[in-house]
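Please open the model in a viewer and keep the selection tool at hand. The stops below proceed one selection at a time.

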Amino acid sequence: MSRRRHISRISIASAAARLMAQDGIENIALAKRKAARQFGATETHALPDDAEVEAELRLYLTLYQGDTHQNRLRHLREAALEAMDWLRPFRPYLTGAALDGTASGFSAIDLMLFADSGKDVEIFLLDHKIDFTAEKPRHRQAEALLRLSLPKADVNLHIFPAHLERQRFHRRDGRERERLPPEKLRRLLEE
C-alpha cells in the first residue's frame, strides 16, 4: 500500500469518526462515504474498513471528550443494566456502541433480545405502559426492531428468534459482534 493511499485511509477514517461524534451519524458506511467526498475520493477508493473508523472514533472520543465520554459510557451501561433487568424474560444482551466504547452523545443503547415472537415483547411493553415505535430490522435474522425513549436513554431492542441465542452474530464487515449478558455487564460496572 502506498504512503499516499495509507494517509487517505487514515484521513477518511478520522473524518468519518468526527462526523459520527459531532453530527450523530450512526451508520459507519454513510460516515465513510461523506468523509471520502470531503477529500474528493470516489466512494470505493481508499475507504477504510469499519474497524479503522471505530478505532479513530474511540481515539476522537478519548482525546476530545475524555471524562465526559467515560461518564457517558458508564451512564449508558447503567441504564442498559436497568433495562436488561426488567427485560430479563427475553434474555437480553448489551451490544453496540455502549459496549464497544464508541458511544457519542447521540448514541442509543442497543440490546439484543431473544423471544418466541417479537409480538411477545410488544405485548410486554404495552402491559408495562412503555411507548415504543416499530421499525424495519437492520439484521436479516431479526424479527423486529423496537425503539424506546426512556428517561435515562434511548434504547433499541433488536428482537431475534429464541433459537438463535447461541448463534454467533457478525457485523457487516465480518467481525464477530460482541454482546454481554446482564451478569457480565454488572461485573464490568463493578470494576
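**Stop 1**

Select R9, which counts as buried because its relative accessibility is 13%; buried means under 20% relative accessible area, exposed over 50%, and partly exposed in between, with a 1.4 Å probe and protein chains only. The model is a predicted one, in which local features need pLDDT of at least 70 and side-chain atom pairs count only at pLDDT 80 or more, whereas totals for chains, interfaces and linings use all residues. Residues are numbered from 1 along each chain as its sequence is written, and side-chain values use heavy atoms, with hydrogens and water left out.

A salt bridge here is a side-chain nitrogen of Lys or Arg within 4 Å of a carboxyl oxygen of Asp or Glu. Since R9 lies in helix α1 (residues 3–23) and E52 in helix α3, the pair ties together parts that are 43 residues apart in sequence. Helices (H or I, at least four residues) and strands (E, at least two) are DSSP runs, numbered from the N terminus. E52 counts as partly exposed, at 27% relative accessibility.

**Stop 2**

Next, select R171 and E54, whose side chains form a salt bridge of 2.6 Å, N to O. R171 is in the loop between β5 (154–161) and α6, and E54 is in helix α3, so this pair ties together parts that are 117 residues apart in sequence. Both R171 and E54 are buried. The structure holds 15 salt bridges.

Which residues line the largest cavity? Select T95, G96, L99, D100, R171, R177 and E178 to display that lining. About 30 Å³ of space lies inside. On a 1 Å grid over the protein atoms alone, a cavity is a set of points where a 1.4 Å probe fits but cannot get out, and lining residues have an atom within 4 Å of a point. The volume is the space filled by probe spheres set on the points, which are joined across faces, edges and corners.

**Stop 3: E165 and R91**

Select E165 and R91, whose side chains meet in a salt bridge at 2.5 Å, N to O. E165 belongs to the loop between β5 and α6 and R91 to the loop between α3 and β1, so the pair ties together parts that are 74 residues apart in sequence. E165 is buried at 11% relative accessibility, while R91 is partly exposed at 33%.

**Stop 4**

In helix α6 (residues 182–190), select the buried residues P182, L185 and L189. They cover an arc of only 60° around the axis, which puts them on the same side of α6; the arc is that of the directions from the helix axis to the C-beta atoms. Their cover includes α3 (50–86) and β1 (93–95).

Move to helix α2 (residues 28–38), where I28, A29, A31, K32, A35 and A36 are buried. Their arc of only 160° puts them on the same side of α2. At the N-terminal end, N27 caps α2, with a side-chain oxygen 2.9 Å from the backbone nitrogen of A29. After α2 comes G40, whose phi is positive, near 75°.

Key
A polar contact is a pair of N or O atoms within 3.5 Å; within protein, one must be able to donate a hydrogen and the other to accept it, and residues adjacent in sequence count only if both atoms are side-chain atoms. Contact means heavy atoms within 4.5 Å. On a 1 Å grid over the protein atoms alone, a cavity is a set of points where a 1.4 Å probe fits but cannot get out, and a pocket is an open set with protein on both sides within 12 Å along at least five of seven lines; lining residues have an atom within 4 Å of a point.
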